[in-house]
Amino acid sequence: MDCNDTITAEVCKEDDVGDGELCEVMVAGYPVLLVRNKMEFRALGSRCPHYGAPLSKGVLRGHRLRCPWHGSCFNIRTGDIEEYPSLDSLPCFKVTVEDGKVFVTAKKKDLESSLRVKDMSKRCLLNRNTMLLLGGGVAALTCAETLRQEGFTGRIIMATKEKHAPYDKSKLSKEMNLKAEDIYLRKPEFLCAHGIELWTEKEAVSVDFQKQKVRFMDGSSQKYNQLLIATGGHSSFLKVPGADLQNVCHLQTPEDSSKVLELASGKNLVIVGASFIGMEAAAFLSDKAAAMSVVDKEEFPFQKTLGPQIGGFVLKMLQSKGVKFYMKKELHELKGKDGKVTEAILANGEKLPADVVVVGIGVTPNSAFLKGTSIAKDNSGAILVDLHMQTNIPNVFAAGDVVSFPVALLNGEHSSIHHQQVAEAHGSIAAFNMLKKQKELHTVPFFWTTMLGRSIHYAGCGKGYTDTVLKGSLEQQKFLIFYLKDGFVTAAASLNCDPTVSLIAEVLYLGKRISKEEADSQIPLLFAGPMISTMYPCDSKLSFVSALPRGAQHQPEVKAQLGAREIK
């Protein structure tokens, strides 16, 4: 069969699929997502283009479908991506209904791929406008792609100090055995085909905002019409004696990741900072290092973000793999021999053998090159932007880890959020506003951490939370935690409860407020598969039925629990 051949297949009976249901059907041996929404059928690619999550387990609200794993959203009418982290959209297939039978028609080549790249404008040399994007991460990448998708035909330059095309940085600490090319988000050939110039090993050292010109480390300079600063952040440096010894490492690049894996194998590893990077690296290296120690000033890992409950759960999980924790302790000094680190000395005098040290104590914005300019920054050096990603300088925008922006879940308070999905949303919004298409940021932060085969999903912004509500069991490794501030939910995290966090993200996206009482009085829903405890406030206009596996809402025990609270 030729890849351009068109296939039509009967996939089910019309009555097999209820309104609001998502189900996976087969067309010529390929899985397809079938959706019935307001009695109308739609057929799309069945897997999220991001990491391949089954979208039949996702959350549907109106025409918006949210991935159950990492929160990407797609329009079921067009397949277009509406929320990151996925960069790509879904293919759509023709659906017909005849004599109560449902048929899907598709080309074989479209069935073979569960993704579709959005159409982009071509570069036109007559358009002399230049969009200069500083940075080679996801914020700059989504800005470049959105510019092309929105019809910009001028010059787009991505200038990065890195030697690589944009890659998935979230994997540097999760899968340290991958080569850079394995985690490229876009290959250089893709960028070239869409008229996006990629300048690697090109670090900006100063900006003249009056002349609209950027100067680079190699002495060259480039003028711009619109500028995006998306230079990200770097791992904060240790401020102790011996911090400059060899084999004291930061996970910034694929080369750093490979180096740590090589150095730590069969050796004594000390991780300073029980951060996400630190804990993910500890999990990956737990069966590779001869011995491993983690040092942190807090009582539990990532205590300020996920709290003591999840922090304690992760601590016990890693302890069971032989990782030793030195919590509520401070690193005082690193000692070495022949210029290489050999020992970590704590403030209380304890000595830890250290052939290699990994530092994960936070992120510092890469904004030093803007020193002496009039651009507004906060005390940490993060660039201040509004909801259009506009700085206080005309024609200058900023996005990603280098910025502090108004966070809706913090009542508009400025904050920096270092998540891939947030950076992608920033880049896209910046592109719209660089093109004078007024658009404000409207997103719910979403991230995930993976350790020892377990993924914790998190949505919202729990900064400054004062209370939590725990549902499920930490011991059984099936739980949902709500984070509350001033009596209302601002974030949620879960393990083995998909798509609960995606559902809560959608409720928060709608601007609905979830009280502690509502969070505390959830109804456990038991059906074929893991227990999912979830909530659906009566005024949310969001039906949990849309998040259930096919046919689950018709099961008697689920139907009884839904009762009158089901809102369609």
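Helices (H or I, at least four residues) and strands (E, at least two residues) are DSSP runs, numbered from the N terminus. This is a predicted model, in which local features need pLDDT of at least 70 and side-chain atom pairs count only at pLDDT 80 or more, while totals for chains, interfaces and linings use all residues. Residues are numbered from 1 along each chain as its sequence is written, and side-chain values use heavy atoms, with hydrogens and water left out.

View 1. Lys-38 sits in the loop between strand S3 (30–37) and strand S4 (40–45). With 64% relative accessibility, Lys-38 counts as exposed. Here exposed means over 50% relative accessible area, buried under 20%, and partly exposed in between (1.4 Å probe, protein chains only). Asn-411 occupies the loop between strand S30 (403–407) and strand S31 (413–415). Most residues other than glycine have a negative phi.

**View 2. Strand S15 (residues 213–216) pairs with S14 and with S16.** Two strands pair if DSSP finds at least two bridges between them. Strand S14 (residues 204–208) and S15 run antiparallel, joined by four bridges. Asp-208 has Lys-213 as its bridge partner in S15. Four residues separate the two strands of this hairpin, and Gln-212 in the turn has a positive phi of about 50°. S15 also pairs with strand S16 (residues 221–223), antiparallel, over three bridges. There, Lys-213 stands opposite Lys-223. S15 and S16 form a hairpin with four residues between them, and Gly-219 in the turn has a positive phi of about 95°. Which residues of S15 lie on its covered face, and which on its uncovered one? Val-214 and Phe-216 are on the covered face; Lys-213 and Arg-215 are on the uncovered one.

**View 3. Leu-227 belongs to the largest nonpolar core.** A nonpolar core is a set of buried Ala, Val, Leu, Ile, Met, Phe, Trp, Tyr and Cys residues joined through side-chain atoms within 4.5 Å. The largest has 58 residues. Leu-133, Leu-134, Leu-227 and Ile-229 have the most contacts inside it. Beyond its neighbours within four places in sequence, Leu-227 is in contact (heavy atoms within 4.5 Å) with residues including Leu-132, Val-207, Val-214, Phe-397 and Met-434. A second, separate core has 43 residues, among them Met-279, Ala-281, Tyr-465 and Ile-481.

**View 4. Thr-105 and Thr-8 are joined by their side chains.** Thr-105 is part of strand S10 (residues 101–107). Its polar contact with Thr-8 spans 2.9 Å. A polar contact is a pair of N or O atoms within 3.5 Å; within protein, one must be able to donate a hydrogen and the other to accept it, and residues adjacent in sequence count only if both atoms are side-chain atoms. Leaving out residues up to four places away in sequence, Thr-105 touches Thr-6, Ile-7, Thr-8, Phe-93 and Lys-94.

**View 5. Five strands form an open antiparallel sheet.** The strand order is S32-S33-S36-S35-S34. Strand S32 (446–451) and strand S34 (467–473) are the edges, each pairing on one side only. The twist averages 15° from one strand to the next. S32 and strand S33 (residues 454–460) share six bridges. Met-451 has Arg-454 as its bridge partner in S33. Helix H6 (residues 303–319) lies across S32, S33, S34, S35 and S36, running at about 150° to strand S35 (478–485). Axes are lines fitted to C-alpha atoms, for helices over the stretch in contact, and angles run from 0 to 180 degrees between N-to-C directions.

**View 6. Six aromatic residues form one cluster.** They are Phe-276, Phe-302, Phe-447, Tyr-458, Tyr-465 and Tyr-483. Rings of Phe, Tyr and Trp (its six-membered ring) pair if their centres lie within 6.5 Å; planes under 30 degrees apart count as stacked, over 60 as edge-to-face and the rest as tilted. The structure holds eight aromatic pairs. Phe-276 and Phe-447 pair edge-to-face, at 5.1 Å centre to centre and 80° between the planes. Phe-276 lies in helix H5 (residues 276–285) and Phe-447 in strand S32, so the pair ties together parts 171 residues apart in sequence. Phe-447 is buried, at 9% relative accessible area. Tyr-465 and Tyr-483 also form an edge-to-face pair, at 5.1 Å and 70°. Both are buried.

View 7. Why is H8 largely enclosed by the rest of the structure? Ten of its ten residues are buried, so the rest of the structure largely encloses it. Just after H8, Gly-511 takes a positive phi of about 85°.
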